[in-house]
Amino acid sequence: MYFPALLYTCILSMLLLIDGIPIPPDSLKNLVRIQANTIIHRIKEHNEKLQLYPNLHIGNPELDVLADKPIQGLGSIVDTLTTIQEVLQRLPKGHVSQLRSYVSTLLGYFNERMTFMRCTPKEPANGKSLDAFLEDNATHHITLGYITLDILKQFLQKLIDNLDQLKNC
């Protein structure tokens, strides 16, 4: 469904990155929209394969706030995606490997844009408490993956609705 558009965006972004040309704002919005929609679609496919209870929830303040966190420019986008990426990287390889790659690509776009705009990167706010939570829940990787992907899906839907925030640090 999204493959031709994703292929086009990957080729376009690679050509721009090879030439050292920053991705123009409108092109970045399109890249992000397509990439986010692709990730959302893949998450839905992944969850259908797992067939888990749809209202499953593990309480953790570090993860719970991510879905509700307002998007306030590139810094907050990168901070949230970096936290989600940290959780995804701790999960065993499998179906989330491709999703990890997609998130990494998105982070690359945003980090490049922050560099071009001379934004000051924020230090991740959740470090040690997130590490402790991940260690405590290491044996529950399917549940943790499901919840993290749900949070990622919610965040990306919000991001698609707030693409104008890509103009702000």
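This report describes the fold, core, salt bridges and disulfide of a predicted model.

## Basis of the model

The structure is a predicted model, in which local features need pLDDT of at least 70 and side-chain atom pairs count only at pLDDT 80 or more, while totals for chains, interfaces and linings use all residues. Residues are numbered from 1 along each chain as its sequence is written, and side-chain values use heavy atoms, with hydrogens and water left out.

## Overall fold

The protein has seven helices and zero strands; helices (H or I, at least four residues) and strands (E, at least two) are DSSP runs, numbered from the N terminus. Read from the N terminus, the order of elements is α-α-α-α-α-α-α.

Of the 169 residues in the protein, 43% are buried. Buried means under 20% relative accessible area, exposed means over 50%, and partly exposed lies in between (1.4 Å probe, protein chains only). The accessible surface of the protein comes to about 9200 Å², and carbon and sulfur atoms hold 55% of it. Accessible areas come from the Shrake-Rupley method with a 1.4 Å probe, and for residues only the protein chains shown count as cover.

Among contacts in the protein with a separation of 6 or more, 84% are between residues 24 or more positions apart. A contact here means heavy atoms within 4.5 Å.

## Nonpolar core

The largest nonpolar core contains 40 residues, and those with the most contacts inside it are Ile39, Leu81, Phe110, Leu152 and Leu156. At least two residues of this core come from each of H2, helix H3 (61-68), helix H4 (74-90), H5 and H7. H7 gives the largest share, ten residues. A nonpolar core is a set of buried Ala, Val, Leu, Ile, Met, Phe, Trp, Tyr and Cys residues joined through side-chain atoms within 4.5 Å.

In soluble globular proteins, nonpolar side chains tend to be buried together. Leaving out residues up to four places away in sequence, Leu156 touches Ala36, Ile39, Ile40 and Leu106.

## Salt bridges

The whole structure has four salt bridges, each defined as a side-chain nitrogen of Lys or Arg within 4 Å of a carboxyl oxygen of Asp or Glu. One of them joins Lys29 and Asp164, with the closest N and O atoms 2.8 Å apart. This pair links distant parts of the chain, since Lys29 is in helix H2 (residues 25-50) and Asp164 is in the segment after helix H7 (141-161), 135 residues away. Lys29 counts as buried because its relative accessibility is 15%, whereas Asp164, at 49%, counts as partly exposed. The side chains of Lys29 and Asp164 also make a polar contact of 2.8 Å. A polar contact is a pair of N or O atoms within 3.5 Å; within protein, one must be able to donate a hydrogen and the other to accept it, and residues adjacent in sequence count only if both atoms are side-chain atoms. Beyond its neighbours within four places in sequence, Lys29 is in contact with Leu163, Asp164, Leu166 and Lys167.

Glu45 is partly exposed at 32% relative accessibility, and Arg42 is partly exposed at 27%. Asp150 is partly exposed, with a relative accessible area of 27%, whereas Lys153 is buried at 18%.

## Disulfide and chain end

The structure has one disulfide, that is, a pair of cysteine sulfur atoms within 2.5 Å. It is formed by Cys119 and Cys169, with their sulfur atoms 2.0 Å apart. The angle about the S-S bond is -75°, and the link of Cys119 and Cys169 is left-handed. Distant parts of the chain are linked by this pair: Cys119 is in the loop between H5 and helix H6 (127-136), and Cys169 is in the segment after H7, 50 residues apart. Cys119 is buried, with a relative accessible area of 11%, whereas Cys169 is partly exposed at 42%.

Arg113 lies in helix H5 (residues 96-117) and counts as buried at 11% relative accessibility. Arg113 and Leu166 are 53 residues apart in sequence, and their C-alpha atoms are 8.3 Å apart in space.
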